[in-house]
Amino acid sequence: MAIIELSNLEVWYTLDGEPLTILDIPAWQVDDGDQVALFGPSGCGKSTLLHVIAGLLTPNAGTVRVCGRELTAMGEAERDRFRARHIGYIFQNFNLLQGYTALENVLVGMTFSHQRADRGAAEALLAEMGLSHRLRHYPAQMSIGEQQRVAIARALAKKPALILADEPTGSLDPVHSSGVVASLRAACRKHGCSLLLVSHEKDVISVFDRQVPFMELNRAFAGKGVHA
Amino acid sequence: MSLWRIILKSLRQHWLSTGMAVFSIGLGVALLVSVVSLREQAHRNFTEVGLGVDAVLGPKGSPLQIVLNAVYHLEEMPGKIKWTYYQKVLKDPLVVEGIPFCTGHSYAGFRVNAIDGRFLTDFEYLPDKHFSFRPEDGGQGRPFEGRDEAVAGWEVAKELGLRIGNSFNPVCGVKAGDPVHINDNIRFVGILGRTGTPHDRAIYIPLTTFYALEGHGTDVARMAVDEEHREISGAYLKIRRLPGGALNPGIMDLKYNVNQSPEAQIVVPNEVLPSLFSIIGWVDNTLLAIALLVTLLSALFLLVALLAALRERRRDLALMRSLGATRRTVFGLVLSESVVMAMLGGILGLVLGHAIVAVGAHFIRVETGLRFSEMYLSSADVLLLPAIVVLGLVVGLVPAIQAYRTGVLKNLVPVS
C-alpha cells in the first residue's frame with residue numbers, strides 16, 4: 001500500500017507577471033514502511049514538495065494522497081487535523097519552541113495531535129534519542145545535534161504514519177549528521193513510520209536503500225541548472 | 001500538556017508585559033470598584049438610615065443641615081424651637097409620636113445629645129428596630145433614669161473603651177477648645193447594642209439634664225421647669241402611616257402649615273437627602289469617569305502588550321500550526337490569553353478595590369460616623385467578571401485575528 005501518492009502535481013508562482021513552475025511531477029509514490037531519500041541541490045523544490053505532502057501548501061494542480069486520504073480534497077482545517085494525527089515534520093532549522101523544555105516540546109507535539117499528553121511516553125522517546133539528561137533543558141541550553149534529536153522525538157510522539165524530514169542535518173557537522181540520521185531511521189523502523197527525507201548531502205543520502213534524484217522526478221527543473 | 005498550560009506558559013514567557021497589563025487593568029478595576037462601592041454605600045447610608053425618622057421638626061434654616069445634625073450627628077443645628085410650638089405640632093392627628101432633643105454638646109469628639117428617654121425604648125432607628133441593651137446585641141446596662149446618667153452608642157463605647165460606671169464631663173459645644181462643664185460629672189449606665197447607624201456614634205443624656213448643666217446660666221436652667229420658656233433643638237416625629245406602610249400624604253399639608261410659620265419647619269429626611277447627592281453628584285460622576293477612563297486606558301495597554309507579545313510569538317504560533325494546531329486553535333489561544341490577563345487584572349482590581357474601600361471606610365467613619373464596609377458587594381462587583389471577560393474578548397480580538405492569519409511557511413522555513 002502506498003503511503004504517498006502524487007499524480008500530475010503542479011506548483012507554480014507568478015513572478016513579475018511570468019509563471020514560474022516549481023513542481024511538476026506526473027506520478028510518484030512511496031510505499032508504507034519505506035525509507036526514501038530525495039536528493040537534489042538547494043532551490044530545486046524539495047522542501048516545497050514536503051510542504052505539499054504535509055498539507056502546508058496547496059498545489060495548483062494534481063492530487064496528493066497520504067495514507068490513502070486525498071489531501072487536495074480537504075479544507076485547510078481538515079488538513080491541519082490530518083497532519084496533526086498522521087504526519088510528523090522535522091524542519092531543517094529544528095524549530096523547537098524556545099520557551100519550552102525538551103520534554104515540553106515533545107508534549108506540545110502530542111497536544112496538537114489530540115492525544116493525551118503522555119509524560120512517560122515523551123520521556124521514553126527522549127531517552128531513546130539519548131536525551132534522558134536533557135528533559136528539563138531549554139533549546140538554548142542544548143547543542144544543535146541535541147535540538148534536532150528533540151525535534152525527531154517530537155515528530156515521533158504523535159505516533160505518525162509518515163515522517164517528513166526536511167534537510168534534518170543541514171545545520172550539523174558530518175559526525176553529528178550521521179548520528180542524527182541513524183537515530184531517525186532506527187526510530188522510524190521501531191515505531192513503524194514511513195520516512196521521506198530530503199537532503200542535498202551525499203553522505204546523508206548514501207545510507208538509504210531508496211535514493212531518488214529529485215531533478216529527475218521534478219520535470220519543472222529537469223535539465224535545468226540549479227544553484228547548489 | 002493542555003491548552004491551558006500552553007496559555008499560562010505563554011503568559012509566563014512574557015511575564016513583564018503580562019504583569020504590567022494585569023497591573024494596569026487591576027488599577028482601573030480597583031478604582032471602578034472602590035468608587036462604585038463608596039458611591040452606593042453613601043447612597044444607602046443616606047437613604048436607609050433616614051428611614052427610621054419620618055420627619056424632623058427643627059428650627060428655620062438649611063433643611064439639609066437639620067437632617068445632618070438630627071439624624072447623622074454632623075454639623076450644627078441652625079437654631080432652636082419653642083417647646084410650646086413642638087407641643088402644638090404634637091397635637092396634630094397625623095403625628096403619632098415626638099421625641100424632642102437638644103444638640104450642641106460633645107465629649108471626646110462624639111456628640112452628646114440630650115433627648116427624651118423614650119428615644120431609648122420606643123424609637124425605631126430603622127423600621128421595626130429598637131435600641132437594645134442586651135449583651136448578645138453588643139449592649140450593656142440600662143436606659144438612663146436619673147439626671148446625671150448617660151447612655152453611650154456602641155461605637156463610642158468601643159472607641160473610648162467605656163464601661164458601665166465610667167463618667168464624663170460634657171463639652172459645651174462641638175469644636176475643639178469649647179468649654180467643659182467641669183462640675184457636671186455624668187455616669188454611664190448603659191451602652192447601646194450595635195445598630196450600624198450613626199446613632200452608634202453619639203452619647204445620650206436626659207433632655208432635662210441639658211437645662212440643668214452648670215454654666216448654662218439661669219435663663220437656660222429656668223427652661224427645665226418653665227415650659228413656656230423652654231427651647232429645644234428639634235424633635236423626631238413619627239407620622240401616621242397608611243395601611244400599606246406608606247407615609248400619610250397629609251404630611252404635605254402639615255409640612256406646609258408648619259413651614260409657613262416663623263417658628264419652625266418640618267424636614268423629611270428622605271426628601272432632603274437626594275439634594276445632598278445633587279450637590280456632590282458632580283464629584284461622584286467625575287470620579288466614576290476617571291475610573292472608567294483608567295480602565296479603558298488599561299484595556300489599550302492590554303492590547304499593546306498582546307500585540308507586542310504576538311510579534312515575538314509569530315514563529316511559535318507558526319510552529320504550533322505546523323504541529324497540527326488549526327487556525328481556530330491559535331485564534332483561541334491568543335483570545336484566551338487576553339481573557340486570562342483581563343481576568344487576572346479583574347481579580348487583582350477586586351482585591352485592591354475592596355482594600356481601598358477598607359481604608360476609605362476607616363477615615364469616613366472617623367470623620368463622619370457613617371459606616372462603610374469593605375465587604376459590601378456593589379453593582380460593580382456583580383457586573384465585573386462578565387464585563388472583564390467581554391473586555392478581554394474585545395481587546396483580544398485584533399491580536400487573535402492576526403494570529404489566525406499567521407502563515408506557517410512564511411514564518412518558519414526557508415524554501416530549498
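1. The contact between the chains brings together 30 residues of chain A and 23 residues of chain B, where two residues are in contact if their C-beta atoms, placed from the backbone, lie within 7 Å. On the chain A side, the elements that give two or more residues are helix 1 (46-54), helix 2 (76-86) and helix 3 (102-112), and helix 3 of chain A provides the largest share, with six residues. Helices (H or I, at least four residues) and strands (E, at least two) are DSSP runs, numbered from the N terminus. By class, this side of chain A has twelve nonpolar, eleven polar and seven charged residues; Ala, Val, Leu, Ile, Met, Phe, Trp, Tyr, Cys and Pro count as nonpolar, Asp, Glu, Lys and Arg as charged, and the others, Gly among them, as polar.

2. A word on the basis of these values. This is a predicted model, in which local features need pLDDT of at least 70 and side-chain atom pairs count only at pLDDT 80 or more, while totals for chains, interfaces and linings use all residues. Residues are numbered from 1 along each chain as its sequence is written, and chains are lettered from A and ligands numbered from 1 in the order in which they are written.

3. Chain B is divided into domain 1 (3-46 + 280-412) and domain 2 (55-267), with bounds that come from an automatic or database domain assignment. The C-alpha centres of these two domains of chain B lie 49 Å apart, and the contact between them takes four residues from domain 1 and six residues from domain 2. The domain 1 side of that contact has one nonpolar, two polar and one charged residues.

4. Chain B holds 13 helices and 15 strands. Its radius of gyration, taken over C-alpha atoms, is 31 Å, well over the 22 Å that the globule rule (2.2 Å times the number of residues to the power 0.38) gives for 416 residues, so chain B is more spread out than a compact globule. Along its principal axes, the C-alpha trace of chain B spans about 115 × 45 × 35 Å.

5. In chain A, four strands form an open antiparallel sheet in the order 2-1-4-5, where two strands pair if DSSP finds at least two bridges between them. The edge strands, each pairing on one side only, are strand 2 (18-31) and strand 5 (69-70) of chain A. Strand 1 (residues 2-15) and strand 4 (residues 61-66) of chain A are joined antiparallel by five bridges, and A:Glu5 has A:Arg65 as its bridge partner in strand 4.

6. Which residues of strand 7 of chain A point one way, and which the other? A:Leu162, A:Leu164 and A:Asp166 point one way, A:Ile163 and A:Ala165 the other, and all are buried, that is, 20 or more other C-beta atoms lie within 10 Å of a residue's own, with C-beta atoms placed from the backbone. Since five of the five residues of strand 7 (residues 162-166) of chain A are buried, this strand is largely enclosed by the rest of the structure. Strand 7 of chain A runs parallel to strand 6 (residues 87-90) of chain A, with four bridges, and A:Ile90 stands opposite A:Ala165. Strand 7 also pairs in the parallel sense with strand 8 (residues 194-199) of chain A over five bridges, where the bridge partner of A:Ile163 is A:Leu195.

Definitions and conventions:
A residue is buried if 20 or more other C-beta atoms lie within 10 Å of its own, exposed if 12 or fewer, and partly exposed in between; C-beta atoms are placed from the backbone.
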